[in-house]
Amino acid sequence: MRLIGKLDESKVVLAKTLSIVQKTSTVDTHELLLSLANTQEAIYKQARNKYYEVEEPDFKNEIVELIQQQALNSLEIYHQVNLVSANYPVTQLKSQLHHLSLLIDFDNFLTTELNLGNSKLVEIRNQIQQQIQPSVNIILKNSSTFSQLSATQIVYTKLNFANSLSQIPDQQLRSLAIEYGQSALQTAKSTSNQRIKSYSLGTLGKLQPEKSEAYFLKALSFAQSIQAEDIAYQWQQQLGNLYNKQGRAKEALTMYKSA
């Protein structure tokens, strides 16, 4: 249900299932809670996207309240997952990565709102920002858990972490993001999976501007080799942006048209 966009239905099914499972002491709830948190996060992102599509001020104010509620609900469920999955390090790591990503995304939204003059959000933004570094520290403390994942999962989770780290204004964390991106690429190279090779290269292109053209071109080559247009357009757009900044208008237009 979540994957096809039926988020309310997804939440109902998961909540009912969780209610049944909680009455059975022999069944663990960690995976169910993680799935429920992921659905709640998707509901938050749906509300956030809707916010950018409307212009009527009163309606936008209502959506801001909804976005805040959905984000806090999701963060609370991820916190619950972290507590109940102490004996399940893989589930715990996945939850911690989602939690960090959501904190950063919500912080970016709140910062944008504050810049537009919504001073009511100062306190909640400060609370969210205070949680970001501790969230990073928890993941670093549990970093050995990455090795318990399959090769494909290692790549995606490390790239997820790298993307999160790169959005935090701290040079040491940015360097760490590059390390995780390069580690993901090395794992991807050990497989025959062209898709994860493309994602790894593309992520490194975003993390290392001085080498971005080479990374994006390689990422695009891997994506096109398996006709993965859902990935290829991203690197074409990135290359278009890069060429545009460099004044290479003809090449930029070619990439934008391809995207």
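How many helices and how many strands does the protein chain have? And within that fold, which residues of helix α10 are buried, and what covers them?

A: Happy to walk through this one with you. Please keep in mind that the model is predicted. The protein chain has 11 helices and 0 strands. Its radius of gyration is 20 Å, close to the 18 Å that the globule rule gives for 259 residues, so the chain is as compact as a globular protein of that length. The C-alpha trace spans about 60 × 50 × 35 Å along its principal axes, and buried residues account for 44% of the 259 residues. Among contacts with a separation of 6 or more, 59% join residues 24 or more positions apart.

Now to the helix itself. Helix α10 covers residues 229-245, 17 residues in total. From first C-alpha to last it reaches 24 Å, close to the 24 Å expected at 1.5 Å a residue. Its buried residues are Ile231, Ala232, Trp235, Gln236, Leu239, Gly240, Leu242 and Tyr243. To read that list, recall that an α-helix has 3.6 residues a turn, so residues three or four places apart point the same way.

What lies over those buried positions? The cover includes α8 (194-207), α9 (212-225) and α11 (249-258).

Notes:
Residues numbered from 1 in each chain as written. Predicted model: local features only at pLDDT ≥ 70, side-chain atom pairs only at ≥ 80, totals over all residues. Heavy atoms only, no water. Helix = DSSP H or I, 4+ residues; strand = E, 2+ residues; numbered from the N terminus. Expected span 1.5 Å × (residues − 1). Buried < 20%, exposed > 50% of the residue type's maximum accessible area, 1.4 Å probe, protein only. Contact = heavy atoms within 4.5 Å. Rg over C-alpha atoms; globule rule 2.2 N^0.38 Å.
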